[in-house]
Structures are given as C-alpha cells and as structure tokens.
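Subject: Structure handover

Hi,

Here is the structure for you to look over. Please open it first, then read my notes below.

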Amino acid sequence: MSKKVLQFEYEKETKNSVRYKEVPDEGTAPIVGTLYVQKWFAGSSQSIEITIEKKD
C-alpha cells in the first residue's frame, strides 16, 4: 500500500460545487487533476488537501 497527500487550489465555482485543480509536485504529472467538491462542504476554502491510498 502507498499513500499520497495531494494539494488542490481553488479554480472556480459552478452551480452546486467548487472546482479545485491539483498542484502537483515539481516535475511530476497530476494524479487526479480536477476535483469537484459540493459547496455545502467546501464553503469558502481556497485550498484543500486529499490523502489517497493505493491498495495493492
């Protein structure tokens, strides 16, 4: 198993959600890319952090 902590920054609001774009580590490609989070949860957060775990 391997874990990775991903950083996302605010991109724009849509009708019911907030769109965040991944900030990849320098020299690496994004793992998730774009992430949509419902407005009721995202609130006014300008950045979010997601932990993703790969189970082998």
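The notes below go from the overall fold to single residues.

First, the ground rules. This is a predicted model, where local features need pLDDT of at least 70 and side-chain atom pairs count only at pLDDT 80 or more, while totals for chains, interfaces and linings use all residues. Residues are numbered from 1 along each chain as its sequence is written, and side-chain values use heavy atoms, with hydrogens and water left out.

**Overall**

Helices (H or I, at least four residues) and strands (E, at least two) are DSSP runs, numbered from the N terminus. In sequence order the pattern is β-β-β-α-β. The C-alpha trace spans about 35 × 25 × 15 Å along its principal axes.

Of the 56 residues, 18% count as buried. Buried means under 20% relative accessible area, exposed over 50%, and partly exposed in between (1.4 Å probe, protein chains only). The accessible surface of the chain is about 4500 Å². Carbon and sulfur atoms own 50% of that surface. Areas come from the Shrake-Rupley method with a 1.4 Å probe; for residues, only the protein chains shown count as cover.

Now contacts (heavy atoms within 4.5 Å). Among those with a separation of 6 or more, 48% join residues 24 or more positions apart.

**Charges and salt bridges**

The chain carries 9 positive and 9 negative charges, and their mean positions are 7 Å apart. Lys and Arg count as positive, Asp and Glu as negative; His and the chain ends are not counted. Each charge is placed at NZ of Lys, CZ of Arg, CG of Asp or CD of Glu.

How many salt bridges does a search of the whole structure find? Four. A salt bridge here is a side-chain nitrogen of Lys or Arg within 4 Å of a carboxyl oxygen of Asp or Glu.

- D25 pairs with K4, with the closest N and O atoms 2.9 Å apart. D25 sits in the loop between β2 and β3 and K4 in strand β1 (residues 2-13), so this bridge ties together parts 21 residues apart in sequence. D25 is partly exposed at 45%, and K4 is partly exposed at 33%.
- K21 pairs with E9 at 3.8 Å, N to O. K21 is in strand β2 and E9 in strand β1, so the pair links distant parts of the chain, twelve residues apart. K21 is partly exposed, with a relative accessible area of 36%; E9 is partly exposed, also at 36%.
- E13 pairs with K39 at 3.2 Å, N to O. Strand β1 holds E13 and helix α1 holds K39, so the bridge ties together parts 26 residues apart in sequence. E13 is partly exposed at 45%, and K39 is partly exposed at 30%.

**A surface patch and a loop residue**

I31, V32 and I52 form a nonpolar surface patch with about 230 Å² of accessible area together. Patches use residues with over 30% relative accessible area and no salt bridge; like charges are joined within 9 Å, nonpolar side chains (Val, Leu, Ile, Met, Phe, Trp, Tyr) within 5 Å. I31 lies in the loop between β2 (17-23) and β3 (34-38). I31 is partly exposed, at 49% relative accessible area.

Is S44 buried or exposed? S44 counts as exposed, at 67% relative accessibility. S44 is in the loop between α1 (39-42) and β4 (47-54).

Best wishes
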